[in-house]
There are 2 protein chains.
Amino acid sequence: MAHFPDNPGFTGLMRMVRLEADIHDLEVEGEIPVALDGAFYRVHPDPQFPPKYADDQFFNGDGMVSQFRFKDGKVDWRQRYAQTDKWKLERAAGKALFGAYRNPLTDDPSVAGRIRGTANTNVLVHAGKLLAMKEDSPCLIMDAETLATDGYTDFGGDLPISAFTAHPKIDTETGHFCGFGYALDGPLTKACEYFEIDAGGKVVRRVPFEVPHYTMLHDFGITADYAVFNVSPYMSSWEQLEKVEPHFKYDPALPFYLGVLRRDGTAPIRWFKAEPSFCGCHVMNAFQDGTKVHFDLPVSKNNSLFFFPDVHGHPFDREAGKTYLTRLTVDMAANSDDLTEMQQIGAMPGEFPRIDDRMAGKPYRHGWMCTYAFDKPYEGPPGPFVGVINSLTHFDLATGKETVWWAGPQCGIQEPAFIPRAPDAPEGDGYLVALVDNHITNYSELCIFEALKLDAGPIARAKLPVRLRQGLHGNWADASRFHVAEEAE
Amino acid sequence: MAHFPDNPGFTGLMRMVRLEADIHDLEVEGEIPVALDGAFYRVHPDPQFPPKYADDQFFNGDGMVSQFRFKDGKVDWRQRYAQTDKWKLERAAGKALFGAYRNPLTDDPSVAGRIRGTANTNVLVHAGKLLAMKEDSPCLIMDAETLATDGYTDFGGDLPISAFTAHPKIDTETGHFCGFGYALDGPLTKACEYFEIDAGGKVVRRVPFEVPHYTMLHDFGITADYAVFNVSPYMSSWEQLEKVEPHFKYDPALPFYLGVLRRDGTAPIRWFKAEPSFCGCHVMNAFQDGTKVHFDLPVSKNNSLFFFPDVHGHPFDREAGKTYLTRLTVDMAANSDDLTEMQQIGAMPGEFPRIDDRMAGKPYRHGWMCTYAFDKPYEGPPGPFVGVINSLTHFDLATGKETVWWAGPQCGIQEPAFIPRAPDAPEGDGYLVALVDNHITNYSELCIFEALKLDAGPIARAKLPVRLRQGLHGNWADASRFHVAEEAE
């Protein structure tokens, strides 16, 4: 029977949900915009079985995908496991077979060589399918309506790579899905590849490159011409995997790198280096301005990911781990590969940056992030990061104005997503959706805001009878994208 | 969209769940007995759509059936709506069409004459099917494994009655399902029928009878020869239905009746009367001793059901509404129809009495009830009845000993069910299962006890990530009963 570890990774705020569920016509406070016809998808790690290691990382849980289906002013909720190969093998065995996070040395011999992915990091509809992604594995395909799992894909043999990013960008100019894979020659290798998949699901670009050292290549940005990769000072080694230590560790002696690669592959990648380094995980956006490339993301002076410990054993520094929205800039016309131009562009600390996704790769004005309002009271259990994400902030990058909505003393907030009011609405004209989790009552609500009026509070709250586990990433898809492939340009 | 009434009937402790769900291999504390192979079923009212009336009674919610499937020391959880005709008609319409509790005058004209049942009161496996029952309607058939709904049945035309009790008894001597229906000539009529269905699903007995006045004929008891009906002083009238008042009201001027009917129909029913009256809703057990018939149930001096108001408008009296386990006795050899012999046989106030169901209709020793431990602290929102059901009590009727387990200051308890350790185990040798709901964290746990060692606390807790709504009744079924009809004797 399922005896989970009795430690903070699996209890309290981190309690499992493991719930495959349907609720028709969610209870709502306020009014859901009647014109919305589509779905908000998000995913959280939720171990199907007790882990082989009691200190198993949160990121090792099986992907549980939620769908909030909006139509005619109503919201239906559906939640299903991403039935990865790992999930199926373990369901058949009735127990965990795969071991520690990204450590194949810890697996049951019966699953040697099998895909270890959990599909727990991001979900996005492209070419009529829901893609469930985990950066250490191929792309898993699910049905956008039923959430039934089709299985892993190599895109008809056109993308035979072992790892597929969980942070793709859609270039709305071309309709292309832009992504990458890393560690493609096997665990801890430097081999990477940038690729693009058109709106019909056909792989149209593949550009190999290498990272300066093996690291976590978690997110990236696109511009009109470039794919831009942020490398924070995290490392790994077979030695630490053999000792069943965390896959990644923080090494402040490593530089921070920004890699800039022509999307058309006509030039080798160029790595810009910053020393001493800093940390930045998720990307808000990138864009070009003449020969300059701007790259916006929340960064911290020191390690921001407490679960990846310092190589020297220094304790996690909550103050130095706070991340602030920052613009890094490199000039492709410059001779130097030093990354020297960086400017803090946001005052509220936070993470999970989002934009109006139609602006990916373009000059843009509006961004949103989960933020820490440290001046507000909090009544729940402590959060695992630098604090509890208790607010959403809108960053108007044209005026510098920041507009904050605080969720209240009992609540945490998960990553938001933007929904345009109409396909041709101006940038930022639309809604923001985000799960708000009450840490005392253990109920979650999907809150819908006017995206440019966060301080007015939610215009509607679609209420769940359960508190969803802390999730990672998600996206909105109009219903028109559920099945029929969009026309490629 | 689903805007539910913002009142205590639909918020706080009474918040809806509306969740159709599956969890494979529930998280467990403790150890589930490995030999258990079967399922515990229970049901709660859970409105699919906001009610037509904001003060709608709890009992009017659509039946949501839970299945806790035990096998190999693991527990799977499944929950589905009983898809009654009402549920289907309303799902198609996207809103409530049926009106107030047992008041067809309040229905949308489009559903005039359709079966109003919600199948929300009890679930029990018989003849290879799960029967979902509501006393105002025919019997709904569901699949015992999948919880898929087949629909209403009249047992091959052999039981064409409009109403089928939610409190059947299984006579283990014959394998017969013993039940009854009331108001069979239409709402508020006195026509009733007692019936038996054999273990293969064939109707083998039908005995018509009449109640002294139209009332709520909610539960009953069987003995070897008799079916015994308790009538508490509740009444109804077309006048109150026309005014959309509660269907039942409490009238202390009415007598309490005990009706005793030969199961073989060889004699007319005999009504024993007690004045002044008292109230008793659910039956623990009944049995014969020579010419005497004993009938055990919790009774209160006054109305115990706060939602059925006093005809004279007197407020609900929490003290006089407390119910204590009581033995009523009548002598079938006596000339008098006065019911004069009654004896309190339990000290702990409570309701939801249960037995080892193999003892139904026989002299027995062990009973269990949900009880009120009024001396214990409580931290949650107030309960709607005379208090919050916070404990389980085992009544040893041979010794008079009562053994109490208190669930703690944040918890309420739902009706338990007994599971024999083995088919031929002695009476009481087995387990008790009951949902324990935390009213602060909003998590429920299915707790499993050694039935005769309640004070040792649960031997296992199967944990849900949600708090189930207050339920009504349920039963255990061994897996052998899921599909194949038992052999009739």
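Biologist: Where does A:R116 sit?

Modeller: This is a predicted model. A:R116 is in the loop between α1 (85-93) and β6 of chain A.

Biologist: Is A:R116 buried or exposed?

Modeller: Buried. Its relative accessibility is 15%, and the cut-off for buried is under 20%, so A:R116 falls on that side.

Biologist: What does A:R116 touch?

Modeller: Leaving out residues up to four places away in sequence, the contacts include A:F98, A:G99, A:A100, A:Y101, A:R102, A:N103 and A:P104. A:K86, A:T106, A:D107 and A:S137 are also among them.

Biologist: Which backbone oxygen lies 3.0 Å from a polar atom of the A:R116 side chain?

Modeller: The one of A:A100.

Biologist: On to β6. What is the strand order in that sheet of chain A?

Modeller: β6-β7-β8-β9, an open sheet of 4 strands with antiparallel pairing.

Biologist: Which strands stand at the edges?

Modeller: β6 (122-126) and β9 (149-153) of chain A. Each has a single partner strand, so one side of each has no neighbour in the sheet. From one strand to the next, the twist averages 30 degrees.

Biologist: How many bridges link β6(A) and β7 of chain A?

Modeller: 5, in the antiparallel sense; β7 covers residues 129-133. A:L124 is opposite A:L131 in β7(A).

Biologist: Now the sheet with β10 in chain A. What is its strand order?

Modeller: β10-β11-β12-β13, again open, with 4 strands and antiparallel pairing. The edges are β10 (169-171) and β13 (203-210) of chain A, each pairing on one side only. Here the strand-to-strand twist averages 25 degrees.

Biologist: And how many bridges between β12 of chain A and β13(A)?

Modeller: 7, antiparallel, with β12 spanning residues 191-197. In that pairing, A:Y194 has A:V207 of β13(A) as its bridge partner.

Biologist: Change of topic. How many residues are in the largest nonpolar core?

Modeller: 52. The residues with the most contacts inside that core are A:F68, A:W77, B:F68 and B:W77.

Biologist: What does A:F68 touch?

Modeller: Residues up to four places away in sequence aside, A:F68 contacts A:V75, A:D76 and A:W77, among others. The list also includes A:L26, A:G38, A:A39 and A:F40. Further along the chain, A:L435, A:L446, A:L464 and A:L468 are among its contacts.

Biologist: And which residues does the second, separate core include?

Modeller: A:C192, A:Y257, A:L261 and A:Y364 are among its 47 residues.

Key
Residues numbered from 1 in each chain as written. Chains lettered and ligands numbered in written order. Predicted model: local features only at pLDDT ≥ 70, side-chain atom pairs only at ≥ 80, totals over all residues. Heavy atoms only, no water. Core = buried A, V, L, I, M, F, W, Y, C linked by side-chain atoms within 4.5 Å. Buried < 20%, exposed > 50% of the residue type's maximum accessible area, 1.4 Å probe, protein only. Contact = heavy atoms within 4.5 Å. Pairing = 2+ DSSP bridges. Helix = DSSP H or I, 4+ residues; strand = E, 2+ residues; numbered from the N terminus. Axes fitted to C-alpha atoms, helices over the stretch in contact; angles between N-to-C directions. Polar contact = N/O pair within 3.5 Å; in protein donor to acceptor, adjacent residues only side chain to side chain.
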